[in-house]
Amino acid sequence: MSDEQMPDQAYDILIVGGGPAGLTAGLYAARASLKTLLIEGATSVSQITATDMIENYPGLSGGISGFELVERFKKQASQFGLEIISGDVTSIKRKRLGNIDGWEVTAGNNTYDTFAVIVATGTNWRKLGVPGEDDFAGRGVSYCATCDGPLYRNKEVVVIGGGEAAVQEALFLANFARKVTIVHRRDRLRAAGILQRRALAESKLDFAWNSVVEEISGKESVAGVKIRDVKSSGTLRDIPAEGVFIFIGMTPNTALIRGIADLDKNGYIVADSQMKTSADGIFACGDCTAKLLRQVITACGDGATAAFSAQLYVEALKGKSY
Ligand code: NAP
């Protein structure tokens, strides 16, 4: 296809999602001189911005807050010409662009034409689904210790879960709260060894092992949780708490792509080692994909690969392969 036939308003690559995966894809695409737009959520933020401290990103010894890291990613990608806008993407549809197949992406009242899409929509906190969880949302129930932790100075709080997020956030909450009780359904933690050691050494942390939360109770705001011991014939007991922080894993933000590209049984996007999905011209990267390890560093690696794959795809579409 010649340049004259190419719709000149179309983006080469449109990236959906402004977390580490999307921003790294944007950095690589912009440095490759591709016309690239990144749409970050207008009513949602990348989860990493709610992470108090990241201390396993290579080269940044001493750690960095998630918010600061994302700001640095944005600044760096923008310096190379990445266009970044806010908007909630509501649809991705096939569209003929000139005489080749491209995509139309809708966000709010605007539509954008593009030859390739990179989906980097991440995940959201999974809900527990117990009585009181929705009733007390914002009145004691939280999914973000970084945002809400300082509200619980000298108070008692409960953290639910035993993974990296639960343990890391419980340690953060111990900076403010008088006491933090981790309620976990097993008798040991899933989190990384270093976090486990810190948690077990933190005097403000208490553990309710082999326990599940049955109910979050209170009147105007949270007053406590009722937990059931799953080992000793289901004994119930109350733990007083003014804050309940739920970190029981994630659900992928992939509704947008359902029916377009293949998802696995848990709703994560299936992408190959080149970050290609089952749909031609749609690439995916970061936490929204089916993968073993969800970390900032792996999201960035995926993002770089997705951008390079999309670059090769767009160059081939335009008949400009090197
Ligand atoms: P996760 O690793 O999936 O852990 C979820 C925890 O919640 C598990 O301990 C699980 O119990 C428990 N759980 C799940 N459903 C539950 C239910 N219905 N009731 C009670 N407990 C329940 O999730 P995550 O900690 O949010 O981490 C998600 C991803 O982000 C991981 O890949 C993690 O590596 C990454 N992450 C990394 C960091 C870091 O590097 N510092 C920080 C945060 C997150 P079981 O153990 O019994 O399954």
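A polar contact is a pair of N or O atoms within 3.5 Å. The legends below describe close-up views of a predicted model.

**View 1. Polar side chains at the ligand.** A polar side-chain atom of Asn-56 is placed 3.4 Å from an oxygen atom of the ligand. For Arg-186, the distance from a polar side-chain atom to a ligand oxygen atom is 2.6 Å. Gln-295 has an N or O atom in its side chain 3.1 Å from an oxygen atom of the ligand. On its own the ligand has 920 Å² of accessible area, of which the protein covers 76%.

**View 2. The shell around the ligand.** The ligand is surrounded by 19 residues. The closest are Ala-165, Gln-168, Arg-185, Arg-186 and Arg-190. By class, the shell holds five nonpolar, eight polar and six charged residues. Helix α4, residues 164–173, gives the most to this shell, with three residues.

**View 3. Helix α4 and its cover.** Seven of the 10 residues of α4 are buried, and the helix is mostly covered. The buried residues are Ala-166, Val-167, Glu-169, Ala-170, Leu-171, Phe-172 and Leu-173. Among the helices that cover them are α3 (145–148) and α5 (193–201). The cover also includes the strands β9 (156–160), β10 (179–183), β11 (205–208) and β15 (243–246).

**View 4. Helix α1 and its cover.** Helix α1 spans residues 20–31, 12 residues in total. From its first C-alpha to its last it reaches 16 Å, close to the 16 Å expected at 1.5 Å a residue. Because 10 of its 12 residues are buried, α1 is largely enclosed by the rest of the structure. The buried positions are Pro-20, Ala-21, Gly-22, Leu-23, Thr-24, Ala-25, Gly-26, Leu-27, Ala-29 and Ala-30. Their cover includes the strands β1 (11–16), β2 (36–40), β3 (83–86) and β6 (110–119). Helices α2 (66–79) and α6 (296–317) are also included in that cover. Just after α1, Ser-33 takes a positive phi of about 65°.

**View 5. Gln-311 in helix α6.** Gln-311 is found in helix α6, one of the elements that cover the buried residues of α1. The relative accessible area of Gln-311 is 15%, so this residue counts as buried, the cut-off being under 20%. Apart from neighbours within four places in sequence, Gln-311 is in contact with Ile-13, Ala-32 and Leu-34.

Technical notes. Residues are numbered from 1 along each chain as its sequence is written. This is a predicted model: local features need pLDDT of at least 70, side-chain atom pairs count only at pLDDT 80 or more; totals for chains, interfaces and linings use all residues. Side-chain values use heavy atoms; hydrogens and water are left out. A residue is near a molecule or strand if one of its heavy atoms lies within 4 Å of it. A polar contact is a pair of N or O atoms within 3.5 Å; within protein, one must be able to donate a hydrogen and the other to accept it, and residues adjacent in sequence count only if both atoms are side-chain atoms. Accessible areas come from the Shrake-Rupley method with a 1.4 Å probe; for residues, only the protein chains shown count as cover. Helices (H or I, at least four residues) and strands (E, at least two) are DSSP runs, numbered from the N terminus. Ala, Val, Leu, Ile, Met, Phe, Trp, Tyr, Cys and Pro count as nonpolar, Asp, Glu, Lys and Arg as charged, and the others, Gly among them, as polar. The expected span of a helix is 1.5 Å times one less than its number of residues. Buried means under 20% relative accessible area, exposed over 50%, partly exposed in between (1.4 Å probe, protein chains only). Contact means heavy atoms within 4.5 Å.
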